[in-house]
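Work through the exercises below on aromatic rings, then compare your steps with the solutions.

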Amino acid sequence: MTNNRQLLLLLVLMATAVCARVGIAQERSYESYQAVFNLPERERAPFETVDVEIHHVAGSFYYLSGEGGNIGLSIGEDGIIMVDDQFAPLSEKIFASIRTVSDADIRFLINTHVHDDHVGGNLQIAAHGAEILAHENVRTRMMHGIRGNPPSPKLAWPVLTFLEPVTLYLNNEEVQIIPSPPAHTDGDIYVFFIESNVLHLGDVFRTTGYPNIDVGNGGTLAGTIAGLELALELAGPETKIVPGHGVVSSRTEVQELLDVTLEVKARVALLVEQGMSFEEIVAAKPTADLDDRWGSRLDRFLPGVYIDLTQ
Ligand SMILES: [Zn+2]
């Protein structure tokens with residue numbers, strides 16, 4: 001009996017300790033770290049002023065620029081595979097732009113992750129008969145809504161989800177869909193068009209600034225580093241790399257982003273070791289000499305770095 005009581009006491013103590021840990025972790029939200037920067041919400045260009053342009057990259061692969069994430073397209077005799085779709089109000093312009101190159105059906109729409117500048121047009125593209133593919137976590141998050149928003153309409157949800165690599169064969173192209181470690185979000189995937197030798201990395205790779213680590217949607221610094229390393233393993237010297245945002249690049253630019261990520265991690269780790277709070281680290285401006293090149297949205301990078309180093 002005594003033994004049982006001791007066991008019970010031990011279990012209660014352990015449960016209390018676990019709750020306390022969870023309590024500490026929940027004490028500070030990702031948003032509260034972002035709020036330290038006190039930056040205004042970024043204003044988007046009004047959709048009616050946005051030009052959607054189609055660019056040929058290599059082989060069957062094109063990309064569409066506009067407002068939001070870069071859209072990838074494999075266009076060929078079997079139809080169209082589309083990667084991401086920006087925002088719903090741009091869908092008509094997106095269709096019109098695709099129609100300047102092809103009248104084929106969009107057969108598959110692949111979402112690189114859950115953010116609305118990449119999945120915002122899902123409903124419109126699905127209404128034209130495309131099947132939506134994405135990481136399982138994208139579907140789960142769309143079903144519940146992200147950042148306090150209501151759930152997406154059911155027709156916008158992926159109908160085929162996966163946690164492991166998947167391959168499509170269309171347009172004489174092997175299209176590898178490869179989950180990344182949780183980097184920008186916990187639903188990131190890469191899409192590698194093997195014959196065209198084009199790799200679309202979604203928002204794990206952007207040429208517009210530091211990595212954007214959306215901790216609120218499962219993003220992590222460790223996954224960002226591992227994800228960029230994975231991209232470098234996949235890409236050859238001639239591979240064209242399409243970022244989620246920014247310009248078509250090569251593995252050189254991916255290496256640069258990985259290097260600056262590791263550099264900032266090392267700098268912040270030193271300050272954490274000195275016992276500085278997040279506010280003190282931000283005030284110390286440890287990235288000041290790097291911010292001219294990489295500094296867009298430090299509020300979406302430094303919290304991710306700090307959280308990974310301290311939890
Ligand atoms: Zn994103």
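The exercises that follow use a predicted model.

**Exercise 1.** Classify the ring pair formed by Tyr33 and Tyr306.

Solution. A pair of aromatic rings is described by the distance of the centres and the angle of the planes. By the pairing rule, the count comes to seven aromatic pairs. For Tyr33 and Tyr306, the ring centres are 5.7 Å apart, which is within the 6.5 Å cut-off. The planes of Tyr33 and Tyr306 stand at 55°, so the pair is tilted. In the chain, Tyr33 belongs to helix 2 (residues 30-35) and Tyr306 to helix 11 (residues 302-310). The pair links distant parts of the chain, 273 residues apart. Both Tyr33 and Tyr306 are buried.

**Exercise 2.** Classify the ring pair formed by Tyr210 and Phe301.

Solution. The centres of these two rings, Tyr210 and Phe301, lie 4.8 Å apart. Their planes are at 10°, and angles under 30 degrees count as stacked, so Tyr210 and Phe301 form a stacked pair. Tyr210 lies in the loop between strand 11 (198-200) and helix 7 (221-234), while Phe301 lies in the loop between helix 10 (291-294) and helix 11. The two residues are 91 residues apart. Tyr210 has 0% relative accessibility, so Tyr210 is buried. Phe301 is also at 0%, and therefore counts as buried.

**Exercise 3.** State which residues form one aromatic cluster with Tyr33, and which charged end sits over the ring of Tyr33.

Solution. The cluster consists of Tyr33, Phe37, Phe278 and Tyr306. Over the ring of Tyr33 sits the charged end of Arg28, 4.1 Å from the ring centre.

Methods
Residues numbered from 1 in each chain as written. Predicted model: local features only at pLDDT ≥ 70, side-chain atom pairs only at ≥ 80, totals over all residues. Heavy atoms only, no water. Phe/Tyr/Trp six-rings, centres within 6.5 Å; stacked < 30°, edge-to-face > 60°. Helix = DSSP H or I, 4+ residues; strand = E, 2+ residues; numbered from the N terminus. Buried < 20%, exposed > 50% of the residue type's maximum accessible area, 1.4 Å probe, protein only. Lys NZ or Arg CZ within 6 Å of the ring centre and 35° of its normal.
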